[in-house]
Amino acid sequence: MPQFTYREAIRHALAEELTRDKNVVVMGEEVAQFNGAYKVTEGLLAKFGPNRIVDTPISEAGFIGMGIGASMLGVRPVMELMFWSFYSVAFDQILNNAANVRYMSGGQINCPIVIRGPANGGTNVGATHSHTPENVLANHPGVKVVVPATAADAKGLLKSAIRDNDPVFFLENTLLYGEKGEVPEGEHIVPLGLADVKREGTDLTIVTYGRCVLHSLAAASILEKEHDISVEVVDLRTIRPLDIDTVLKSVAKTHRVLIVEEQKPFASVGSQLAYMIQREAFDELDGPIHRLATIDAPAIYSPPVETEQLPNPQRVLKAALAAVA
Amino acid sequence: MISPRADKHFTVSKIHRPSVSKKTTATAEKKAVSPAPSKAKGANPHAQAPINAKLTRDAKIELHRKMVRIRRFEERSLRAYQAKKIGGFLHLYIGQEAVAVGCCSLMGKHDHVITAYRDHGHAIAVGMDTKPLMAELYGKATGCSKGKGGSMHYFDPTRNFWGGHGIVGGQIPLGVGLAYGVKYQGHKGAAMAFMGDGAVNQGAVHEAYNLAALWSLPCVFVIENNGYSMGTSQARSSAGELAKRAEGYHMAWGQCSGHDLYEVRATMDKFLTEAREKHKPAVVEIVTYRYRGHSVADPDNTYRSKQEIEEYRKTKDPIQVFQNQLLSEGVLDEALIEKIDTEARAEADTAADFSEASPFPTPDDIQKDVYWETDNPSERKSQGRLFFD
Ligand SMILES: Cc1ncc(C[n+]2csc(CCOP(=O)(O)OP(=O)(O)O)c2C)c(N)n1
Ligand SMILES: [Mg+2]
């Protein structure tokens with residue numbers, strides 16, 4: 001299987017969908033001439049022209065709202081947020097307009113928009129640029145939220161997202177853009193709402209998503225080698241819809257759960273998962289559900305300390321040992 | 001001292017175009033284009049505007065009828081509200097009818113409308129049936145949004161009416177998106193994005209102005225200036241002239257009075273034509289007035305005088321003004337006026353009866369119309385849970 005970076009995989013998904021459907025347009029700050037702030041959209045302008053690949057001014061409320069309006073008419077905009085952190089200035093457009101318009105119109109209006117961009121900490125850019133809003137987004141019925149961890153998943157999920165008739169928010173990670181992975185050749189689609197067991201195991205289930213999948217896999221191999229603990233890593237891939245069945249199946253096998261997430265702990269995705277697991281698999285649990293999250297403070301700048309604020313393989317290792325103790 | 005609101009109106013509409021000079025960008029010169037001078041004293045010059053001159057007798061009667069239907073619908077809805085049949089807010093459009101009816105009467109196949117929460121007039125103006133509109137207020141399953149939107153959230157995409165939006169100014173970027181869609185799909189049309197005089201101070205509105213101008217999108221921004229945003233007068237909320245802010249974006253702008261349906265049509269026709277044919281966006285301020293409080297919850301005794309309201313009603317009521325116009329043209333007579341009014345009242349009563357008799361949505365309906373995918377299960381491609389408890 002050919003190897004591509006996560007960045008290339010996303011670019012390929014965009015290019016394939018732009019080719020497939022002329023209603024698809026890519027818009028955002030610096031996506032065209034500048035080739036993308038993180039070079040995800042590199043080369044797309046040359047290939048598809050300025051009608052399809054559109055540079056916007058720095059007006060997130062304006063251009064995201066515009067994309068939502070256009071999507072109501074059947075255009076399928078894929079909007080890039082340079083950072084998902086900037087969603088706050090477009091919050092009303094994203095979560096009042098995109099999330100609600102179908103409902104408030106009694107199902108008369110669809111909003112087939114995709115909003116994508118990186119949402120992660122770990123790059124020493126301070127609290128304003130390090131938000132992980134998947135829990136906030138997923139709190140709004142009407143939207144779908146995707147957080148891919150690998151190149152193959154990024155490609156397959158983005159293609160599904162673009163074809164979806166509901167608003168899909170696609171959260172990437174600047175620290176994954178350069179990560180290489182195998183991507184199946186040809187048409188590669190991953191349905192939304194399908195979790196993936198990234199590693200099989202019997203002693204502990206780690207439920208995670210995004211870059212924390214990589215940390216969890218790293219910790220799992222140490223746990224296996226040095227502690228003889230067999231860890232199963234379930235990558236949610238999509239937050240909403242949520243594939244809780246795959247999680248419950250794994251819990252029924254291991255009976256112990258650690259949730260790992262790059263979220264602030266309060267009312268996080270992990271909080272929701274913990275509620276659902278205890279509610280639906282109480283009898284399967286041999287101990288309390290554990291969780292490892294980001295240390296609860298705004299994102300610190302100091303580079304070596306930020307690494308410690310976020311989940312990392314060492315922190316996962318420690319949390320996993322506590323969870324099986 | 002703020003001058004009484006009733007004094008603010010325009011006897012002639014004003015149109016300003018951005019300077020086309022390539023050499024100087026420093027000043028956006030404005031050029032006022034005066035409309036044709038009135039012929040006889042007292043005659044309405046806007047009646048002679050081509051867009052109005054070509055109206056048939058029947059079309060004129062229909063315009064009048066639409067305004068009357070809106071008025072009677074809203075009066076009926078107010079009674080229903082007072083009888084506690086309607087929850088939440090009820091923002092009445094009474095006094096502003098000529099704006100929505102005038103603007104929407106100009107719509108072609110690819111023209112679109114989006115507005116704020118004071119949306120009953122626009123909904124009727126684009127042709128929505130009053131039964132589902134009233135039923136929506138009653139929160140009934142037969143409402144235009146199945147009882148899920150309420151007064152502020154009317155929609156009818158089949159009539160190019162995209163809401164009905166509750167967040168002040170939040171609909172304006174969507175309006176630009178409609179214009180973008182029209183242009184992207186290669187249609188000849190324009191979007192009208194309506195807002196109030198208070199909404200002009202929202203940042204999203206300015207972002208939308210810039211995008212429309214920057215990308216030459218066929219969007220006409222319509223400021224329905226009724227003088228107040230809730231209890232705050234224009235003088236206490238906005239610096240400068242509202243539509244003139246268009247100059248900062250090198251957009252054309254205009255002003256006209258909104259109590260004269262002919263004037264609204266004549267003014268808007270020019271801007272809509274420019275938008276459709278040359279993809280030129282514009283901002284148009286239409287000066288109007290609401291007789292009722294901001295919403296029915298507003299006791300309306302803190303920020304304006306009863307005298308101001310009465311003055312407007314006496315001299316500039318849009319229905320009365322147009323009715324007099326059509327009387328003078330010999331289009332209407334007293335009998336027809338009476339008939340139209342009786343029919344409008346009966347229609348409003350029928351709508352209320354229909355609403356009364358309609359069922360409420362059930363708790364089972366709460367989670368319908370949330371996702372396209374769950375409403376179309378046979379076509380669902382995603383897996384996993386979409387709803388949580
Ligand atoms: C973002 C936001 N802020 C405040 C409100 C509350 N609010 C509703 S209507 C309104 C006044 C708006 O006035 P204007 O734009 O002039 O429209 P009008 O009511 O006169 O039609 C306010 C403050 C709101 N709905 N949205
Ligand atoms: Mg107002």
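1. Helix α8 (residues 244-254) of chain A lies across strands β9, β10, β11 and β13 of chain A, and runs at about 175 degrees to β11(A). Helices (H or I, at least four residues) and strands (E, at least two) are DSSP runs, numbered from the N terminus. Axes are lines fitted to C-alpha atoms, for helices over the stretch in contact, and angles run from 0 to 180 degrees between N-to-C directions.

2. This is a predicted model: local features need pLDDT of at least 70, side-chain atom pairs count only at pLDDT 80 or more, and totals for chains, interfaces and linings use all residues. Residues are numbered from 1 along each chain as its sequence is written, while chains are lettered from A and ligands numbered from 1 in the order in which they are written.

3. Helix α7 (residues 212-227) of chain A also lies across β9, β10 (204-208), β11 and β13 (257-260) of chain A, at about 170 degrees to β11(A).

4. These strands belong to an open sheet of five in chain A, ordered β9-β11-β10-β13-β14, with mixed pairing. Two strands pair if DSSP finds at least two bridges between them. At the edges stand β9 (196-199) and β14 (290-292) of chain A; each has a single partner strand, so one side of each is left without a neighbour in the sheet. The twist averages 25 degrees from one strand to the next.

5. β9(A) and strand β11 (residues 231-235) of chain A run antiparallel and are joined by three bridges. Val197(A) stands opposite Val234(A) in β11(A).

6. Chain B has an open sheet of six strands in the order β1-β7-β8-β4-β3-β2, also with mixed pairing. Its edge strands are β1 (14-16) and β2 (112-114) of chain B, each with a single partner strand, so one side of each lacks a neighbour in the sheet. Neighbouring strands of this sheet are turned by 15 degrees against each other on average, direction ignored.

7. Strands β7 (residues 252-257) and β8 (residues 282-287) of chain B run parallel, joined by six bridges. Gln255(B) has Glu285(B) in β8(B) as its bridge partner. Helix α9 (residues 261-278) of chain B packs on the sheet and touches β1, β4 (219-225), β7 and β8 of chain B, its direction making about 165 degrees with that of β7(B).

8. Between the chains, 40 residues of chain B are in contact (C-beta atoms, placed from the backbone, within 7 Å) with 43 residues of chain A. On the side of chain B that touches chain A, α6 (171-184), α7 (203-214) and α13 (372-375) of chain B each supply at least two residues. The largest share, nine residues, comes from α6(B).

Note on methods. Two residues are in contact if their C-beta atoms, placed from the backbone, lie within 7 Å.
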